[in-house]
Structures are given as C-alpha cells and as structure tokens.
Amino acid sequence: NERIGMYTDSFTDYLKNDKKASANTVEAYRRDIDGFRKYMEERGSSDLAVAVSTDITGYMLKLRTEGKSASTINRKMASLRAFYSFLAERGYVRSNPAAELTVPRTETRELEYLSIEEVERLLEMPDETAAGIRDRAILEIMYATGMRVNELIQAEVSDVNTTLGFISFDGSHGKARIVPMGRPARQAVETYIREARPQLLKDREDCGVLFLNYYGQPLTRQGLWKIISGYGEKAGLETRLTPHILRNSFAVHMIENGADIKALQELMGHEDITAMQIYMNIKKNRIKDVYDSTHPRA
C-alpha cells in the first residue's frame, strides 16, 4: 500500500506540476486509479505494478456488466493508460499493460444546440425588473463565453472587467483562462452590476459573488437551471433548455463562423482535445458542405 501511495502521489504531482492539470482533473485521475486498485485487491493483489493487460481487460468487462456507459469506460481506461505510461517512463514498471487496450466505441450522441434565431428570441425574454436584468446578464454571458454552470455560480464581481470586456476563470472547473465578452454581454453585465445587483443585495453583507438570488445569496445550480429552463419555455423552444445547451450553442456558432478547434478548446477550458470531438464532427460536416457547394467536381 505504501508503494501504491508513492506511485499515485508521484503521478498526481506530475499532473499538477508538469501538465498543469486542474484540481478537478487530478481528482478524476485519482478516482479512476483507485477504482482499479480496489478491483485488483478483490482479485487478491494490492500491487498495481504487477498488473497485466488481462487484469485491465477484466476490469473493463466488470465495468460493462455494472452498466457503465462506453464514454465512462473510455475515460477510466484513458486514466489507466496515462498512469501506466508515467510508471513505465520512470522505470516503476517494465511496460504499460494498458497500451494495447481496445476500448469500446463511444455511443454517438445527438448534439443539442440552439439556432442563432432561437438565441435571439431567448435573449428578448427577460423583463426590466431586478431579476430580469440579472437573468439577461446570465443568458448573455453564458452564450458569449460558453462558461460552465459552476463557473457561473462561483464567478465573483472582481472576475469581470466590463471596461475591457473579459471574464477570468481560476481553473477550479477546467483550465484557468481569460475569455472575452462581446459588447451585448458586457453591457448586460455592466447594467446588472450597476442597477440590479444592489437591489438584490439590499442592505445585506456583500459576499462578492457576481450573480445573486432574491436573498442576496449566490445562486445555486438548481436555481440557475430553473431560471434557464423557464426562459426556454417562455421563448417557445422545442427542447427543454439547459445550461449545457447554451454552452453547446456558443461552441457550434463559433465553429460555423470559422473558429479554430484549438482556440475553441482554450476558450471552453477543456484540458484535453478529445473533449472537443463532438464539436469536431460539426466542423467536418461544415467543411464537407462548403466543399460540396463550391468545388466544380464535388
């Protein structure tokens, strides 16, 4: 167990210091490795260094029988590949037992996103009350930056620069980065901070969090989902609107207007380019459409 602890500690130090991975990413790797360690213990071995490819295949089959999705199994296998590659490079193991592993195909998911017309309609829904001004700022900034739910509810007033038009993320949910905001989002957030936020705060102590509820407290995940789905219904959208659909809409509209995938990965705060696969398919389809409609011999 002491040796296992040394392996995982060395690996997580490498992720933090060399790969500059976020705390969430490091924790996910640790969980995946720990899951495999427990499986090995159940089979009578607690030493990860003696694992062979059949052990990892057996673990993968166990995950399948437990009903884990292909994408979950793929992620766990990617963690083990990276872990054993690290151990092999440093001479802790002779070879990487996960190197030749064939992982299950990830099921194709339908990418849900709004059309530009639907986004325009959605952004017209909030009214001019304090809550409405706040909600317009939320919708504008989510569509303008593609930020995650946790990034929005934990954003602080000090993270936003409405003069220069950007918001900074600290890296606790994805990669640390600075993302620009267009003029509509900048103006909506500026109006919210100046006019609506003081009304929501009233005379309570200011916690510094950007978006507040009626009690002057930070919005919760559930509160944000309720706000967004409510405006989706009000705008007459066919699908139930979620924060992730807004994030997808940001990505797809950027790609449709020629954004580079690598640049988009940076803007969205993804550590790994494979997380962009679903958006890459959109880009491929767009390139094919352009080719088909413009090449004389398409």
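Trainee: What should the 14 residues of helix 9 span at 1.5 Å a residue?

Mentor: The expected span is 1.5 Å times one less than the number of residues. For helix 9 that gives 20 Å, and its end C-alpha atoms are 20 Å apart, which agrees. Helices here are DSSP runs of H or I with at least four residues, strands are runs of E with at least two, and both are numbered from the N terminus. The model is predicted, so local features need pLDDT of at least 70 and side-chain atom pairs pLDDT 80 or more, while totals for chains, interfaces and linings use all residues. Residues are numbered from 1 along each chain as its sequence is written, and side-chain values use heavy atoms, without hydrogens and water.

Trainee: Which residues of helix 9 are buried?

Mentor: Buried means under 20% relative accessible area, exposed over 50%, and partly exposed in between, with a 1.4 Å probe and protein chains only. In helix 9, L224, I227, I228, S229, Y231 and G232 are buried. These residues pack against helix 5 (116-123), helix 6, helix 7 (149-154) and helix 10. After helix 9 comes G236, with a positive phi near 70°.

Trainee: At what angle do helix 6 and helix 9 pack?

Mentor: Axes are lines fitted to C-alpha atoms over the stretch in contact, and angles between N-to-C directions run from 0 to 180 degrees. Helix 6 (residues 130-145) and helix 9 (residues 221-234) pack at about 90°, with axes 11 Å apart. The two are therefore roughly perpendicular, a label for 65 to 115 degrees. Helix 6 makes the contact (heavy atoms within 4.5 Å) through G132, R134, D135, I138, L139 and M142, and helix 9 through L224, I227, I228 and Y231. Seven of these residues are nonpolar, one is polar and two are charged. Asp, Glu, Lys and Arg count as charged, Ala, Val, Leu, Ile, Met, Phe, Trp, Tyr, Cys and Pro as nonpolar, and the others, Gly among them, as polar.

Trainee: At what angle do the axes of helix 2 and helix 3 cross?

Mentor: The axes of helix 2 (residues 23-42) and helix 3 (residues 53-65) cross at roughly 105° and come within 11 Å. That makes helix 2 roughly perpendicular to helix 3. On helix 2 the contact involves D32, G35, F36, Y39, M40 and E42, and on helix 3 D55, I56, G58, Y59 and K62. This set divides into five nonpolar, two polar and four charged residues.

Trainee: How many of the 14 residues of helix 10 are buried?

Mentor: 11 of the 14 are buried, so helix 10 is largely enclosed by the rest of the structure. Among them are R247, N248, F250 and H253. G258 follows helix 10 and has a positive phi, near 100°.

Trainee: What about phi in K202?

Mentor: Most residues other than glycine have a negative phi. K202 has a positive phi of about 55° although it is not a glycine. K202 lies in the loop between helix 8 (183-201) and helix 9, and at 53% relative accessibility counts as exposed.

Trainee: What order do the three strands of the open sheet have?

Mentor: The order is 1-2-3, with antiparallel pairing. Strand 1 (160-161) and strand 3 (177-180) are at the edges with a single partner strand each, so one side of each has no neighbour in the sheet. Pairing requires at least two DSSP bridges. Strand 1 and strand 2 (residues 166-169) have two bridges, and four join strand 2 to strand 3. I167 is the bridge partner of V160, and in strand 3 V179 is the bridge partner of I167.

Trainee: Which residues form the covered face of strand 3?

Mentor: In a regular strand the side chains alternate between the two faces of the sheet. In strand 3, R177 and V179 form the covered face, and I178 and P180 the uncovered one.

How values were computed. Parallel < 35°, antiparallel > 145°, perpendicular 65-115°, else oblique.
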